[in-house]
Amino acid sequence: AASAVVGLLGVDVAHFWGTLVLLGVGWNFGFVGASAMVLECHRPAEKARVQSFNDFAVFGTMAVGSFLSGGLLSSFGWSTVLSLSFLPILLAAGALAWAASARAADAAQAPGAD
């Protein structure tokens, strides 16, 4: 989100550098954190298959997104590409909030959680 905001602030070289640095940092934290969360939900025997499927889904989605963003960029411009990036960010934030509330509800119902 910070990367998109910096990109929307201008089209100077400094804005592109800032956008790329923030995107790289966000990608690394998001990818490592999400990979760890995926593995928490499965038994040790399933972890290799789940991790490989998750990586396929992530990088497949990334490839499709790259092609779509190129079409959007040539048709509608840089601001549209950056503005549309907020939709998946909001969906991901909503999913994380829902998961956190479900965990809190489960913890509250667990025996001995008084």
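**Overall architecture of the predicted model**

Among contacts in the protein (heavy atoms within 4.5 Å) between residues at least 6 apart in sequence, 50% join residues at least 24 apart. The structure is a predicted model, in which local features need pLDDT of at least 70, side-chain atom pairs count only at pLDDT 80 or more, and totals for chains, interfaces and linings use all residues. Residues are numbered from 1 along each chain as its sequence is written, and side-chain values use heavy atoms, with hydrogens and water left out.

The secondary structure consists of five helices and zero strands, assigned as DSSP runs (helices, H or I, at least four residues; strands, E, at least two). The order from the N terminus is α-α-α-α-α. The radius of gyration, taken over C-alpha atoms, is 18 Å, well over the 13 Å that the globule rule (2.2 Å times the number of residues to the power 0.38) gives for 114 residues, so the protein is more spread out than a compact globule. Along the principal axes, the C-alpha atoms fill a box of roughly 55 × 35 × 25 Å.

Of the 114 residues, 9% count as buried, that is, under 20% relative accessible area with a 1.4 Å probe, protein chains only. Carbon and sulfur atoms contribute 74% of the accessible surface of about 8400 Å², computed by the Shrake-Rupley method with a 1.4 Å probe.

An unreviewed UniProt entry places the feature "transmembrane region" at residues 16-41, 53-72 and 78-99; such annotations may be inferred rather than shown by experiment. Residues 16-41 are 96% helix and 0% strand, with end C-alpha atoms 37 Å apart. Residues 53-72 are 100% helix and 0% strand, and their end C-alpha atoms lie 28 Å apart.

Note on methods: Buried < 20%, exposed > 50% of the residue type's maximum accessible area, 1.4 Å probe, protein only.
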